[in-house]
Amino acid sequence: METEFILNHIDGFISYIWSIDWKDPWLIGLLTFHIIVTLMALLTRNYGNFQVVLFLVLLLLVYFSESINEIASSNWKVFSRQQYFDSKGMFISIVFSIPILLNCMLMVGSWLWQSTQLMTKLKKAQLREKRKRESNRQEMKED
């Protein structure tokens, strides 16, 4: 009986993660979903319109995670072996919302990187154009 208490006792984030039965089919599906979303975010970084749609869909999923948690809490026996969905939403926040938000941060970081690269190219083109104009002026003055 005492070992059961130790196994069920959660005293931190890591022990909470280890207490989850990751062999549950729906959790494997959720992990697969997160992997696919991460790959989509990385592989479509040059497709701005798609990324905006993906970004908004992911933020909507996080926004509705409280409702998803309530529905999952009342219907957990249909798809899960254990009741993970607490009233405060800690489980859904850790395994659902945080990975989605990390993917959103990845996309924002990618957009910022692309913006700085584009601004650098633009500034270099402006400087080249300015040098070209000054060179043309110098040639006109010499003639």
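Helix H3 (residues 25–43) and helix H7 (residues 90–142) cross at roughly 10°, and their axes come within 9 Å. The two helices are therefore roughly parallel to each other, a term for angles under 35 degrees, with over 145 counted as roughly antiparallel, 65 to 115 as roughly perpendicular and the rest as oblique. Axes are lines fitted to C-alpha atoms, for helices over the stretch in contact, and angles run from 0 to 180 degrees between N-to-C directions. Helices are DSSP runs (H or I, at least four residues), numbered from the N terminus.

This is a predicted model, in which local features need pLDDT of at least 70 and side-chain atom pairs count only at pLDDT 80 or more, while totals for chains, interfaces and linings use all residues. Residues are numbered from 1 along each chain as its sequence is written, and side-chain values use heavy atoms, with hydrogens and water left out.

Contact means heavy atoms within 4.5 Å. On the H3 side, the residues that meet H7 include Trp 26, Leu 30, His 34 and Thr 38. Their partners in H7 include Phe 91, Ile 100, Asn 103 and Met 107. The contact of H3 with H7 consists of 14 nonpolar residues, three polar and no charged. Here Ala, Val, Leu, Ile, Met, Phe, Trp, Tyr, Cys and Pro count as nonpolar, Asp, Glu, Lys and Arg as charged, and the others, Gly among them, as polar.

H3 also meets helix H4 (residues 48–63), with axes that come within 11 Å and cross at roughly 150°. That makes H3 roughly antiparallel to H4. Phe 33, Val 37, Met 40 and Ala 41 in H3 meet residues of H4, among them Phe 50, Gln 51 and Leu 58. This contact of H3 with H4 divides into eight nonpolar residues, one polar and no charged.

The structure also holds nine aromatic pairs. Rings of Phe, Tyr and Trp (its six-membered ring) pair if their centres lie within 6.5 Å; planes under 30 degrees apart count as stacked, over 60 as edge-to-face and the rest as tilted. Two of the pairs involve Trp 26.

| Pair | Centre to centre | Angle of planes | Type |
|---|---|---|---|
| Trp 26 and Phe 79 | 5.3 Å | 85° | edge-to-face |
| Trp 26 and Phe 85 | 5.5 Å | 35° | tilted |

Trp 26 in H3 and Phe 79 in helix H6 (residues 76–79) are 53 residues apart. Phe 85 lies in the loop between H6 and H7, so its pair with Trp 26 ties together parts that are 59 residues apart in sequence. Trp 26, Phe 79, Tyr 84, Phe 85 and Phe 91 form one aromatic cluster.

Accessibility is given as relative accessible area (buried under 20%, exposed over 50%, partly exposed in between; 1.4 Å probe, protein chains only). Trp 26 is buried at 19% and Phe 85 is buried at 6%, whereas Phe 79 is partly exposed at 33%.

Two asparagines are also buried. Asn 69, in helix H5 (residues 65–74), has 5% relative accessibility. Leaving aside neighbours within four places in sequence, Asn 69 is in contact with Phe 85, Asp 86, Gly 89 and Ile 92. Asn 103, in H7, has 5% as well. With neighbours within four places in sequence left aside, Asn 103 is in contact with His 34, Val 37, Thr 38 and Leu 58.

Met 140 is also found in H7, but counts as exposed at 65% relative accessibility. The C-alpha atoms of Met 140 and Leu 61 are separated by 63 Å.
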